[in-house]
Amino acid sequence: MSRVVLVTGTSRGIGCGLAQHFLDQGCKVAGCSRGGSSITHPSYTHFQLDVSDETAVLAMVRAVLETHGTIDVLLNNAGIASMNHLTLTPYASARKIFDTNFFGSFLFLRESAKAMIREKAGRIVNFTSVAMPLSLEGEAMYAASKAAVESLTRIASKELAPFGITVNAVGPCPVSTDLVAGVPEAKMQALLLRQAIHRYAGIDDVTNVVDFFVSEKSAFVTGQIVYLGGVGG
Amino acid sequence: MRETVMNIVLQGLKSICADSDIRLDSPGTATVLYGPGGLLDSIGIVALVAEIEQLVSRDLGRSVTLADDRSMSMKHSPFATVGALVDYILTLTGEKL
């Protein structure tokens, strides 16, 4: 039977690539973003919402359950970044980053986990970033929000283990997406030099780790954070 | 409406107890769910909340979040007994007690 996969942030970048990847595997995919979707596939359903809007998240999860009966996999990908020196970071920007990156992940994790608890099975993958372990200058709010996601991942893995649900996180190094489009190339090259492997990640590098985490064989793998590119935790 | 919600809570409770091999004799309004003498531990309450929210959604067509700020701060927990939980669901769904 094909699995039901919920992916947040599917309008472009990694989220769009993940949705396509699981559609190619025959899964039913429900995605969301603040805008419309570029994905047209008979097994794809798109929801237009803000991931930090609790009412909208509840409505989406309920709609997915009404349509498919379950959620097998949650990929908490939606994220935003805003590079700035912390003394120049507006409070509203800091709140917005945490709303999307942390509270959005929390809401989808909480609501999807409730469905998975009833099935006594499920796979949740959160998204962190190498910006966290590298403590990148100019990324204070982004890295802090990802640190919160990592803590959420570790604790959720313990709280949900009794129900057969695994919770892990993948931390991509820079991928050529819109998220880093505004960052000067010299800064990006300096960042790549801090990795063991000095190149951008591809979508395939991300899906490889995600595939491992969501595999039915990975029932004994939980609470783990895997960074790409050879960045240490 | 109270009878419908009562049936939802009892259905959820029976399901969780069956899954956990917990003996459930003639459950009713006074059945203690959690706390001293309660049927369920904290994991059981988590499973019960997930089950009942789904049943409310399916049977009443309403999305409710049982563990909200109000329920967590109430002096008398809505998860203490079956009757308290039924009352709380009726409150959340806007029905008169």
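What follows looks at a cavity and then at a pocket.

This is a predicted model, where local features need pLDDT of at least 70, side-chain atom pairs count only at pLDDT 80 or more, and totals for chains, interfaces and linings use all residues. Residues are numbered from 1 along each chain as its sequence is written, chains are lettered from A in the order in which they are written, and side-chain values use heavy atoms, without hydrogens and water.

On a 1 Å grid over the protein atoms alone, a cavity is a set of points where a 1.4 Å probe fits but cannot get out, while a pocket is an open set with protein on both sides within 12 Å along at least five of seven lines; lining residues have an atom within 4 Å of a point. The structure has one cavity of 30 Å³ or more, and the largest cavity holds about 50 Å³ of space. Among the residues lining this cavity are A:Ser82, A:Asn84, A:Ile97 and A:Tyr142. Helix α4(A) gives the most to that lining, with three residues (helices are DSSP runs of H or I, at least four residues, numbered from the N terminus).

Now for the open space. The second largest pocket has a volume of about 660 Å³, the space filled by probe spheres set on grid points joined across faces, edges and corners. It has 21 lining residues, and the closest to its centre are A:Arg110, A:Lys114, A:Glu159, B:Val46 and B:Ala67. Here α3(A) supplies the largest share of the lining, six residues.

How values were computed:
Helix = DSSP H or I, 4+ residues; strand = E, 2+ residues; numbered from the N terminus.
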